[in-house]
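Student: I have a chain to study and some questions about its fold. Can we go through them together?

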Amino acid sequence: MQQLADTFWNLRGVYRVGGVLDIGTQMSLVRRPNGRFVVIDGCALDDAQRSALLALTGDGAQVDAVVHVHPFHTLHVEATHRLFPSARLHGTARHRRLFPSLPWSEAPMETWGGEHPFADMFDLSVPAGVDFDCPDERVHVASVLVRHRHSGIVHVDDTFNVIAAPGRLGAMLPQSSLRMHPMLARALRPERGAADAYAAWARALASHWADTRIVCSAHSAVRHLPAGGFAREVEGALDRVSGTLERHRRRHG
């Protein structure tokens with residue numbers, strides 16, 4: 001468990017593709033102004049991670065809420081609820097559909113407006129122009145991006161990727177800059193204006209969250225950025241998918 005700011009911790013978990021390649025996954029812990037906590041996402045924890053997390057949160061009793069922000073990250077929803085059974089549980093419509101017996105609170109997260117339950121601490125953003133719950137379940141482009149206002153840290157699953165070498169190689173080889181999800185073309189809605197809506201969303205995010213200094217990205221890495229780096233890297237990521245967006249415009253308008 002790594003502490004990235006005075007009120008923000010990130011935990012990296014193991015997630016193996018095909019049972020072999022560990023591309024990693026994550027969860028984050030954020031201390032609220034009242035001293036209690038919110039957990040973002042869930043992942044498999046080893047004994048040391050679990051012990052550290054429970055020690056910090058009073059054996060879990062100080063966790064007010066757990067929020068699941070990616071509709072297709074579902075493997076650890078039930079286990080995380082068992083770890084924090086008294087916490088209010090928030091998720092997307094797909095989480096609710098897959099786990100109807102869990103005690104979900106409020107509306108699905110992708111529908112929240114500016115006056116959401118954590119407006120005192122988080123800025124939220126949902127990509128425009130793409131299917132949030134994509135009919136092709138292999139396409140995991142959209143999620144609810146979370147920015148912790150106090151620390152300037154962004155927690156994001158899949159929507160932005162960081163390419164990083166696994167294991168010990170990751171400490172020796174440079175990370176990539178932020179990248180859009182490689183399946184963006186399949187996620188764009190087959191309708192006029194979808195590509196422009198996605199581009200406008202990305203540019204607005206680059207501007208509004210420009211002072212972001214750390215991005216916790218699933219699956220691979222935590223990316224530390226210099227001043228102005230978030231805006232530059234999001235704009236750069238958008239440039240790299242310009243061909244994808246232009247092909248969509250030619251087909252759909």
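Student: Of the 253 residues, what percentage count as buried?

Tutor: This is a predicted model, where local features need pLDDT of at least 70, side-chain atom pairs count only at pLDDT 80 or more, and totals for chains, interfaces and linings use all residues. Residues are numbered from 1 along each chain as its sequence is written, and side-chain values use heavy atoms, leaving out hydrogens and water. Buried means under 20% relative accessible area, exposed over 50%, partly exposed in between (1.4 Å probe, protein chains only). Of the 253 residues, the buried share is 51%.

Student: Which residues of helix H1 are buried?

Tutor: Helices are DSSP runs (H or I, at least four residues) and strands are too (E, at least two), numbered from the N terminus. H1 covers residues 47-56. Its buried residues are Gln49, Leu53 and Leu54.

Student: What covers the buried residues of H1?

Tutor: Cover is judged by contact, meaning heavy atoms within 4.5 Å. The cover includes strand S2 (8-13), strand S5 (25-31) and helix H2 (77-83).

Student: How many helices and strands has the chain?

Tutor: Count the DSSP runs along the chain. The totals are 8 helices and 15 strands.
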